[in-house]
Amino acid sequence: MEQKGFITHESRGRVFVFKPLISRKTIDHRSVKALLSQNFGGSAAGLLVNLLEASPVEKQELDELEAYIREYRKKNEVSESDRE
């Protein structure tokens, strides 16, 4: 992981102390991108459908997902109209 640039270390006597070089959010994003690529052909919808079918999802979580999707659309519609 050190060679990939994810962590670094320093020696303190006979002990190595490791420190992250990238954030948890960056690691999460890279992990999801790899999962999408390897298992779902890059399809976020495919991943979401599998998540929903794999186990029960509570109404509150579905409401949160719907709100997030609405917010995402709103934010990206503004970005797309800025490009035109």
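This is a predicted model: local features need pLDDT of at least 70, side-chain atom pairs count only at pLDDT 80 or more; totals for chains, interfaces and linings use all residues.
Local features need pLDDT of at least 70, side-chain atom pairs count only at pLDDT 80 or more, and totals for chains, interfaces and linings use all residues. Residues are numbered from 1 along each chain as its sequence is written, and side-chain values use heavy atoms, without hydrogens or water.

Start with helix H1, residues 24-39 (helices are DSSP runs of H or I, at least four residues, numbered from the N terminus). H1 has 16 residues and reaches 22 Å from first to last C-alpha. That is close to the expected 22 Å (1.5 Å times one less than the number of residues). Gly-41 follows H1, with a positive phi near 55 degrees.

Now the pocket (an open set of points on a 1 Å grid over the protein atoms alone, where a 1.4 Å probe fits, with protein on both sides within 12 Å along at least five of seven lines; lining residues have an atom within 4 Å of a point). The largest pocket holds about 650 Å³ (the space filled by probe spheres set on the points). Its lining has 14 residues, and Val-32, Leu-36, Ala-44, Tyr-68 and Tyr-72 are the closest to its centre. H1, H2 and H3 each supply at least two lining residues.
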